[in-house]
Amino acid sequence: MKTMGLFLGCNIPLKLPDIEQSFRKALPELGIDLVDLEGASCCPSWGTLPSFDLPTWLAVSARNITLAEAKDVDVVTGCNSCFGILAETKHIIEHDEEYRKAVQEKLALINREYKGTSQVYHVLHALYKFVGPEKINEKIKYTLKQLTIAIQVGCHALWPSKVMAIKEPNPFFPTILKELCEALEADVPHYSRIEACCGMGGMRSTNMEKSLGLLKEKLISIKEEIDADMIVVGCSSCYLQMDGGQKILRDRGEIDFEIPVFYYTQLLALCMGFDPKQVAAINEIPREEIIARIQSEERLKEKQEG
Amino acid sequence: MYEGVVVLNEKDRELAIKTIMERGGDGVLRCIQCGACQSTCPMAFADFTLNPRKLIRLIQLGFLEEMIEDSSTWACQACNRCVEICPRNVKPFEIVFAYRRYQAMELAFSTSAVQSQMNLYMKGHAVFSEAYKETRQKVGLPPETPTAVSYPEALKEIQTLIENSPIMELGLF
Ligand code: SF4
Ligand code: SF4
């Protein structure tokens, strides 16, 4: 059993708590116990302190990491921005003496000290390293045989690889999320825009049309090249864009299809038999039909194995 | 200083480079304009007026103020594809963000950035929605989150860090 500090961020606990529920349901059953990091703040996201003052960004992030250090646990987070920000912070503080000094001075104002004893993991990386595809497959109740998944990892879980504890062999051809989906027995083919940005983040708040343009190109690649039954994301911001942005494009008639979207641990929790009303309940593009197909009698693993 | 390079205005050039380096963009002089970053950058794909290669060139030439109203840098996704791919360890993302910091401290940013700063300062969360308790209960979670918004002493710590930063000069809060 491994115990990890769950860093929630903003979008997941406040807007997409069904994703939070999916962590709380699925991870402990797979051998990862979660403890809360009480008082954790926004990572702080790219558009806030990182865009204004570098040392203040690092100090607020470092404060978040000290919450895990105090509990003697590693950090696990499901939001890619949080992961990117915290991993980057850790990297800078531990590689640049000047910034480390500046951060410690700021933390002293609130009686804290950065020790560097906690590692920062993305939830996909933690599942991959501490559980692994094989054990995941053992724990699922329903399989996704003959269903096709388009994966969308999300930028900050891929680059820059130098700040990450768990690295993809080649982040431009990501395989970790692919293997995790294959552990649910789904088909996970390559498509040409697999590493392309979904357009969320700063781009969406700066120029909505350009942001939706990137999304549209990505969705059409998924539809035309692999005709996926669902999109599976590893980032809560990608989720908001692939689901909510897709709805906008659909309503405008810019696309003539709908592809349901899941955060990976939501799909995992559904395959483990958890209640969709808790673990997969907030969406714009309908998911009822695909959820009913997933949690159906004929997909029961024990039946298939006879 | 740079033989064979036409320098438009040495003073402007020095100021531009110093401004960027002080704000985290220390690789700016290493860029050879190969275009690798641009070839993989979402900002470039979405056709914003600036992309990391272009921005770096303009800074190297001593243009700083000239682009201050251009919002391209705020569309940077912080995705770090450019950092991964740059053959000269320029860390283009850090230069884009260094430029953003220069813009921000000159008050050249959009209102959406103000709202999230305010949220961070007041609630501890850049993204905030008043309806969160109800949403959480619907999926079977306790209404309160274990995060800063539920812990006044945590909020105080975050406010102390922000209050002791140059951001206060902007008079946002
Ligand atoms: S990849 Fe590096 S060297 Fe090439 S243009 Fe971009 S910043 Fe300059
Ligand atoms: S970090 Fe910014 S500049 Fe670099 S590739 Fe991503 S969007 Fe482009």
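This is a predicted model: local features need pLDDT of at least 70, side-chain atom pairs count only at pLDDT 80 or more; totals for chains, interfaces and linings use all residues.
Biologist: Happy to. What radius of gyration does chain A have, beside that of a compact globule with 306 residues?

Modeller: For 306 residues, the rule puts a compact globule near 19 Å. The C-alpha trace of chain A spans about 60 × 45 × 35 Å along its principal axes. Chain A agrees with the rule, because its radius of gyration is 19 Å.

Biologist: What share of the residues in chain A is buried?

Modeller: Chain A has 15 helices and seven strands. Among its contacts with a separation of 6 or more, 78% join residues 24 or more positions apart. Of the 306 residues in chain A, the buried ones make up 62%.

Biologist: Now to the partner chain. Which three residues of chain A supply 15% of the area that chain A buries against chain B?

Modeller: The contact involves 67 residues of chain A and 63 residues of chain B. About 5,100 Å² is buried between the two chains, with carbon and sulfur atoms giving 65% of that area. More than any other three residues, the ones that supply 15% of chain A's part are L14(A), F52(A) and M203(A).

Biologist: Which helix of chain A gives the most to the side that touches chain B?

Modeller: Across this interface there are 23 residue pairs in polar contact. Several helices of chain A each supply at least two residues to the side that touches chain B, including helix 2 (17–29), helix 5 (97–108) and helix 10 (208–226). That side of chain A divides into 33 nonpolar, 19 polar and 15 charged residues. With six residues, the one that gives the most is helix 3.

Biologist: Is R63(A) buried or exposed?

Modeller: R63(A) lies in helix 3 of chain A and touches residues of both chains, among them S41(A), L107(A), A154(B) and L161(B). The cut-off for buried is under 20% relative accessible area. R63(A) has 1% relative accessibility, so it counts as buried.

Biologist: Which residue does the side chain of R63(A) meet in a salt bridge?

Modeller: Side chains of opposite charge can pair when their charged atoms come close. The count between chain A and chain B is four salt bridges. In one of them, with 2.7 Å from N to O, the partner of R63(A) is E157(B).

Biologist: How many residues apart are D74(A) and K2(A)?

Modeller: Their side chains meet in a salt bridge, at 3.1 Å from N to O. D74(A) is buried, at 14% relative accessible area, whereas K2(A) is partly exposed at 24%. The pair links distant parts of the chain, strand 3 (residues 74–77) and strand 1 (residues 2–7), and the separation is 72 residues.

Biologist: And where is E254(A), the salt-bridge partner of K216(A)?

Modeller: The closest N and O atoms of K216(A) and E254(A) are 3.2 Å apart. K216(A) is partly exposed at 25% relative accessibility, and E254(A) is partly exposed at 32%. While K216(A) belongs to helix 10, E254(A) is in the loop between helix 11 (236–251) and strand 7 (261–263).

Biologist: Last one: which residue does K223(A) meet in a salt bridge?

Modeller: K223(A) is partly exposed, at 29% relative accessibility. The N to O distance is 2.8 Å, and the partner is D227(A).

Definitions and conventions: Residues are numbered from 1 along each chain as its sequence is written. Chains are lettered from A and ligands numbered from 1 in the order in which they are written. Side-chain values use heavy atoms; hydrogens and water are left out. Contact means heavy atoms within 4.5 Å. Buried area is the accessible area (1.4 Å probe) that two parts lose on being put together, summed over both. A polar contact is a pair of N or O atoms within 3.5 Å; within protein, one must be able to donate a hydrogen and the other to accept it, and residues adjacent in sequence count only if both atoms are side-chain atoms. Helices (H or I, at least four residues) and strands (E, at least two) are DSSP runs, numbered from the N terminus. Ala, Val, Leu, Ile, Met, Phe, Trp, Tyr, Cys and Pro count as nonpolar, Asp, Glu, Lys and Arg as charged, and the others, Gly among them, as polar. The radius of gyration is taken over C-alpha atoms; the globule rule is 2.2 Å times the number of residues to the power 0.38. Buried means under 20% relative accessible area, exposed over 50%, partly exposed in between (1.4 Å probe, protein chains only). Lists of a residue's contacts leave out its neighbours within four places in sequence.
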